[in-house]
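Reader: Please show me the model. I would like to ask how its labels were assigned.

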2 protein chains.
Amino acid sequence: MKAFEVVLHHVEDEIFNGHLRVGSLLPAERVLALDLGVSRTAVREAMRTLQAQGIIESTVGAGSTGGTRISGEHGWAITNLLRLHVALELFSPADVLSTRVLLEQQNIAAAIAQGTEADYDGIQVILDEMSRPATPLRRFNELDTEFHAAIAQISGNHLIRALTIAVRESIARDVRGAAAQDMDLQVFRQMVIEQHAGILAGIRNGETTHAQELMSHHLNWRWASLLTP
Amino acid sequence: MKAFEVVLHHVEDEIFNGHLRVGSLLPAERVLALDLGVSRTAVREAMRTLQAQGIIESTVGAGSTGGTRISGEHGWAITNLLRLHVALELFSPADVLSTRVLLEQQNIAAAIAQGTEADYDGIQVILDEMSRPATPLRRFNELDTEFHAAIAQISGNHLIRALTIAVRESIARDVRGAAAQDMDLQVFRQMVIEQHAGILAGIRNGETTHAQELMSHHLNWRWASLLTP
């Protein structure tokens with residue numbers, strides 16, 4: 001076993017046996033190096049691995065405010081990983097699209113089964129801001145993400161929510177680049193808003209199959225440019 | 001930006017712009033360090049990050065057989081990441097179970113829509129080996145994984161297949177540990193075999209909803225010990 005793997009397995013074991021939990025502070029590098037009989041370089045290499053997996057985060061500061069802790073933020077690590085794997089064509093755009101349709105249709109079913117009027121009103125606020133012509137494109141794209149995340153949020157299933165966002169973001173940059181080239185921007189924005197509004201109306205009215213079909217249509221339209229070479 | 005991040009972003013950019021593809025050989029550590037004006041330690045830290053994401057793999061050897069290459073193997077990286085996140089309770093067993101039911105039900109629909117008799121016969125071969133009393137428990141567990149992977153394989157959607165296996169493996173160790181304590185092993189094995197056989201019969205007969213219900217029942221039964229504290 002390489003030196004950095006000794007450190008990695010030690011930290012993983014401490015996670016699996018429950019000694020390290022979200023928010024736990026890791027020992028200082030020199031302490032870990034001494035305890036495990038490896039170099040500080042090996043400790044730092046292991047820390048990079050754990051950082052890439054979203055397991056630890058470092059904060060600057062002295063005493064209780066600084067140091068390396070077990071992180072509670074994780075979604076971005078899955079997103080990063082999928083983004084690179086999509087770029088390497090390990091997963092095709094068609095595979096990513098089907099997966100997203102599956103997840104988003106489940107989110108709609110859950111949003112209808114478990115959503116409250118307050119949940120739906122919150123999504124309407126997002127749509128209202130998207131509808132303002134003065135909203136800059138960058139903000140429009142953020143709100144687009146928020147719309148889908150807000151629907152995913154209602155189920156309370158953190159894993160499906162994380163996967164929905166990761167799958168979406170793994171390809172979002174390509175989708176935005178292609179869409180901007182193909183169409184007048186005002187027409188494009190208006191179509192996104194209308195499709196979102198239709199989906200929200202379907203959710204409010206409890207029309208599961210209809211809202212799911214609208215979502216599937218929306219995603220297929222949005223990603224069409226990636227699927228036709 | 002830290003020195004290792006300079007290296008990381010360089011390699012990621014080369015992936016996103018298509019210069020690095022699956023199988024591409026990376027420059028030697030000392031060459032990368034020289035080109036990017038960083039230390040070899042920084043290069044090695046970046047390599048650990050890429051390794052953790054399943055992006056690169058190192059092989060030992062001289063000339064064209066050795067070195068660090070862009071990897072085509074990726075599933076284990078998603079599995080590793082989810083396993084740690086489940087251990088940190090970022091995703092609850094109930095969330096993981098619902099996600100798996102969703103994925104496996106999609107796999108059944110695809111296996112019915114796209115499967116051939118040869119596909120189904122291949123799954124039967126797995127069940128036959130599971131049914132032999134002489135099959136050791138370790139092999140039985142491997143075949144259990146193969147059964148679910150073979151159904152996922154039929155769709156040809158690599159992302160859904162990778163997620164199915166990752167979600168399953170993220171919690172498999174806990175499921176096996178709990179099941180072994182609760183029940184006579186022969187009874188347990190017989191129940192797994194019968195449930196698998198029912199699912200396969202449902203797929204062969206094109207009974208989508210029935211086969212999906214059997215799968216949901218199977219997974220809920222298998223994971224029950226994790227959901228009742």
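**Labels and their cut-offs**

Author: R40(A) counts as partly exposed, at 43% relative accessibility. This is a predicted model, in which local features need pLDDT of at least 70 and side-chain atom pairs count only at pLDDT 80 or more, while totals for chains, interfaces and linings use all residues. Residues are numbered from 1 along each chain as its sequence is written, chains are lettered from A and ligands numbered from 1 in the order in which they are written, and side-chain values use heavy atoms, without hydrogens and water.

Reader: Why is R40(A) called partly exposed?

Author: Buried means under 20% relative accessible area, exposed means over 50%, and partly exposed is in between (1.4 Å probe, protein chains only). R40(A) has 43%, so the label is partly exposed.

Reader: What makes the pair of R40(A) and E29(A) a salt bridge?

Author: The term requires a side-chain nitrogen of Lys or Arg within 4 Å of a carboxyl oxygen of Asp or Glu. The closest N and O atoms of R40(A) and E29(A) are 3.7 Å apart, so the pair qualifies. R40(A) lies in helix α3 (residues 40-52) of chain A and E29(A) in helix α2 (residues 29-36) of chain A, eleven residues apart. Helices here are DSSP runs (H or I, at least four residues), as strands are (E, at least two), numbered from the N terminus. E29(A) is partly exposed as well, because its relative accessible area is 24%.

Reader: How do you know that R21(B) and E89(A) form a salt bridge?

Author: Their N to O distance is 3.4 Å, and the pair therefore passes the cut-off. This pair crosses between chains, from the loop between α1 (3-16) and α2 (29-36) of chain B to the loop between α4 (75-87) and α5 of chain A. R21(B) is partly exposed at 44%, whereas E89(A) is exposed at 56%.

Reader: Which helices hold E117(A) and R204(A)?

Author: The side chains of E117(A) and R204(A) meet in a salt bridge at 3.0 Å, N to O. E117(A) is in helix α6 (residues 117-131) of chain A and R204(A) in helix α9 (residues 185-204) of chain A, 87 residues apart. R204(A) has 30% relative accessibility, so R204(A) is partly exposed. Over all chains, the search finds 26 salt bridges.

Reader: How many salt bridges are counted between chain B and chain A?

Author: The count is four. The side chains of E45(A) and R48(B) also meet in a salt bridge, at 2.6 Å, N to O. In that interface 51 residues of chain B are in contact (heavy atoms within 4.5 Å) with 51 residues of chain A.

Reader: What makes up the buried area between chain B and chain A?

Author: The term is the accessible area (1.4 Å probe) that two parts lose on being put together, summed over both. Here that is about 4,700 Å², 71% of it on carbon and sulfur atoms.

Reader: What makes a set of residues a nonpolar core?

Author: The set holds buried Ala, Val, Leu, Ile, Met, Phe, Trp, Tyr and Cys residues joined through side-chain atoms within 4.5 Å. The largest such core has 81 residues, and those with the most contacts inside it include I78(A), L82(A) and I78(B). Helix α5 (residues 93-114) of chain A gives the most to this core, with eight residues. Leaving aside neighbours within four places in sequence, L82(A) is in contact with residues including F91(A), I78(B) and L159(B).
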